[in-house]
Amino acid sequence: MDEDVTDIYEEFGDSRLPPGQRETEDFPVLSKSGTPSWKRETWSFDVWGAVETERTFDFEEFRDLPATTQRQDFHCVTGWSTFDREFTGVPFPTLAAAAGVRDDATHVLFHALDGYTTDLPLSDCMRESVLFAYRLDGEPLPEPHGGPLRVLTPHKYAYKGAKWVDGVEFLTESERGYWEQRGYSASANPWNEERYG
Ligand SMILES: Nc1nc2c(c(=O)[nH]1)N[C@H]1C(S)=C(S)[C@@H](COP(=O)(O)O)O[C@H]1N2
Ligand SMILES: [Mo]
């Protein structure tokens, strides 16, 4: 089983801990407004905007997409990082292929059940490590950490990873997400300490 796990941090080499961050042993929970409620029977995930085919997935349909398990590092903009969290889920490029991204798509806005949004350039999403994750350490993703489904962006500060994600919108120009509208960086590269926009 372990051979199937990809260690994503290796691409960051010697500077695994970004500047100004400290490692924590635990995995804190950070939410703008608590954990939203949802029901498995009515949960759905939408893909819309600049795509060939707008798609809606229920939980089982999402689980049928090809998945991967990766050990990832996680960097919160408030200064803590946690290493080697094992997530299972669907890589962003797999989901994008299922809808067919149009040529004029340039950006992505993730939508979540608590009203949270976050934006990224499409090019920053088209990597295997940008995961729609539904398992953590072999267990269903705990709700405080974004269960049933969250996004992970190990190459960005963690506010780019929407918990309770229920939709992804492909855009033809950039739009600002929740924290990006409130002064956090749109690019959010931890190795350049891009904390504020
Ligand atoms: N839907 C949603 N996603 C969110 C947030 C949020 O408040 N709502 N907070 C962000 C922030 S600032 C961080 S650091 C991480 C925290 O994830 P964790 O609670 O699993 O540590 O989720 C990000 N994604
Ligand atoms: Mo954060």
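## Exposure and a surface residue

A residue is called exposed when its relative accessible area is over 50%, and buried when that area is under 20%. The model described here is predicted. Glu 52 has a relative accessible area of 57%, so this residue is exposed.

Glu 52 is placed in the loop that runs between S3 and strand S4 (55–58). Setting aside neighbours within four places in sequence, the contacts of Glu 52 are Ala 99, Gly 100, Val 101 and Arg 102. Asn 192 is 140 residues from Glu 52 in sequence, and the C-alpha atoms of the two are 35 Å apart in space.

Nonpolar side chains tend to be buried together in soluble globular proteins. The largest nonpolar core in this model has 37 residues, and the members that touch the most others are Phe 45, Phe 62, Phe 92, Phe 110, Phe 132, Val 168 and Phe 170. Two or more residues come from each of these elements: strands S3 (44–49), S7 (107–112), S9 (131–136) and S12 (165–171), and helices H1 (59–63), H2 (92–99) and H3 (122–125). Helix H2 gives the most, with four residues.

What does Val 168 touch, not counting residues up to four places away in sequence? The list consists of Phe 45, Asp 46, Val 47, Trp 48, Phe 92, Leu 95, Val 108, Leu 109, Phe 110 and Phe 132.

## Aromatic pairs

Across the whole structure, a search finds 20 aromatic pairs. One of them joins Phe 27 and Trp 80: the ring centres are 6.4 Å apart and the planes are at 65°, so the pair is edge-to-face. Phe 27 belongs to the loop between strand S2 (22–23) and S3, while Trp 80 belongs to strand S6 (residues 80–91), so the pair ties together parts 53 residues apart in sequence. Phe 27 and Trp 80 are both buried.

In the pair formed by Phe 110 and Phe 132, the ring centres are 6.2 Å apart and the planes are at 55°, so this pair is tilted. Phe 110 is in strand S7 and Phe 132 in strand S9, and the pair links these distant parts of the chain, 22 residues apart. Phe 110 is buried because its relative accessible area is 0%; Phe 132 also counts as buried, because its relative accessibility is 0%. Phe 110 and Phe 132 are part of one aromatic cluster, together with Trp 43, Phe 45, Phe 57, Phe 59, Phe 62, Phe 92 and Phe 170.

Thr 69 is found in strand S5 (residues 68–75). Is Thr 69 buried or exposed? Its relative accessibility is 10%, so Thr 69 counts as buried. The side chains of Thr 69 and Thr 88 make a polar contact at 2.8 Å.

## The ligand site

Ligand 1 is surrounded by 21 residues, of which the closest are Pro 28, Lys 32, His 145, Arg 150 and Lys 163. A polar backbone atom of Pro 28 is 2.6 Å from an oxygen atom of ligand 1.

Conventions. Residues numbered from 1 in each chain as written. Chains lettered and ligands numbered in written order. Predicted model: local features only at pLDDT ≥ 70, side-chain atom pairs only at ≥ 80, totals over all residues. Heavy atoms only, no water. Core = buried A, V, L, I, M, F, W, Y, C linked by side-chain atoms within 4.5 Å. Buried < 20%, exposed > 50% of the residue type's maximum accessible area, 1.4 Å probe, protein only. Contact = heavy atoms within 4.5 Å. Near = heavy atom within 4 Å. Polar contact = N/O pair within 3.5 Å; in protein donor to acceptor, adjacent residues only side chain to side chain. Phe/Tyr/Trp six-rings, centres within 6.5 Å; stacked < 30°, edge-to-face > 60°.
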